[in-house]
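Try each task with the structure in view, then follow the solution step by step.

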Amino acid sequence: MKIFLTGASGYIGRAVAEGLRRRGHRVSGLVRTPAKAKALAAREIEPVVGDMRQPKGWERPARNADVRIHCAVEYGADYEKLDRGAVEALLAFGGRLLYTSGVWQYGPGGPFVESSAGAPLMPWRSEHEKLVLAASGVVLRPGCVYGGAGGLTGLWFQGAVEHKAAPIVGDGANRWAVVHLEDLACLYALAVEGEPAGEILNGVDASRFTVREMAEAASRAAGAGGAVSALSFADAEKRYGGMAHGLALDQRVDASKAARLLGWNPRFNGFPPDADAFFAAWNASR
Ligand SMILES: NC(=O)c1ccc[n+]([C@@H]2O[C@H](COP(=O)([O-])OP(=O)(O)OC[C@H]3O[C@@H](n4cnc5c(N)ncnc54)[C@H](OP(=O)(O)O)[C@@H]3O)[C@@H](O)[C@H]2O)c1
């Protein structure tokens, strides 16, 4: 199939693009700089240099694709507006759309299945999800992603390397819903190939480590002996802004729908068992 993807240089987008290419699909990806375009081309992914802010610039490759995948995000004052603009443009360009949301849409508690009403940390994102679902698109809700260059898990490694302790919010007895980057990329590929329509799909693995267990493993792997620094919520909010709410979440999310509909079967068993490999990958990606 022909796929067009935004955020092809990002943490999730790059893995998704590469995963699809490995399965034989023709993939084109939006990037913002010639250097990132070159890196994509080296992975057999056709680069499209442009910006979410100017959809006209990538209309043609988006229209030409069988499936569009939205993985770009720009955190900042325009976060919501840019996401809305990209979703509306991708829908207007026609065809199927896979939209990247996240398990933070459920808020605390659980176990949550896709039909659960939660307390979204970003209520505006629910509106974008509705646009996608109304157009028979697919909404993917990944857990906190680990592996490779690392997303949120990079905060632990960075803290351990720079300050000899991995930062956590509160006592760390909370549990996140998580997923390995490659398992997630596999879920996107199955969602492209299986052609579900108008569905939300959770993407989390079955691991249930506490945040403290994960942060301690990260700290050990990074040479800080398992030390963590527990931030109060107020201090975390000062440091991370609104993201502190996500870091403090204690939630449980069920991904059996993706197994049932698409045969998705996550291979990784959570963060601590392979923390040394994840540290090496994070370190090499810096
Ligand atoms: N990471 C996680 O643990 C996680 C978990 C659940 C859900 N999610 C969701 O997944 C999505 C992707 O997250 P991520 O972690 O992969 O983010 P990321 O690593 O920050 O990647 C963001 C991507 O968007 C691109 N981008 C930013 N502004 C752009 C613009 N104006 N025009 C075009 N491209 C632009 C970036 O390009 P540059 O390389 O040029 O900066 C990059 O490719 C987000 O919606 C996030 O909420 C993430």
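**Exercise 1.** Find the residue with positive phi that follows H8, then list the buried residues of that helix.

*Solution.* Step 1: go to the end of H8, where Gly223 comes after the helix with a positive phi, near 85°. Helices (H or I, at least four residues) and strands (E, at least two) are DSSP runs, numbered from the N terminus. Before you go on, note that this is a predicted model, in which local features need pLDDT of at least 70 and side-chain atom pairs count only at pLDDT 80 or more, while totals for chains, interfaces and linings use all residues. Residues are numbered from 1 along each chain as its sequence is written, and side-chain values use heavy atoms, with hydrogens and water left out.

Step 1: step back into helix H8, residues 211-221, and pick out Val211, Met214, Ala215, Ala217, Ala218 and Ser219 as its buried residues. Buried means under 20% relative accessible area, with a 1.4 Å probe and protein chains only.

Step 2: see what these buried residues pack against: helices H6 (153-163) and H12 (275-285), together with strands E9 (166-169), E10 (178-180) and E12 (228-231). Contact here means heavy atoms within 4.5 Å.

**Exercise 2.** Describe the fold as a whole: how many helices and strands does the chain have, and does its radius of gyration agree with or depart from that of a compact globule?

*Solution.* Step 1: count 12 helices and 13 strands.

Step 1: for 286 residues a compact globule would have a radius of gyration near 19 Å, and the chain has 18 Å, so the two agree. The radius is taken over C-alpha atoms, and the globule rule is 2.2 Å times the number of residues to the power 0.38.

Step 2: Of the contacts with a separation of 6 or more, 75% join residues 24 or more positions apart.

Notes
Buried means under 20% relative accessible area, exposed over 50%, partly exposed in between (1.4 Å probe, protein chains only).
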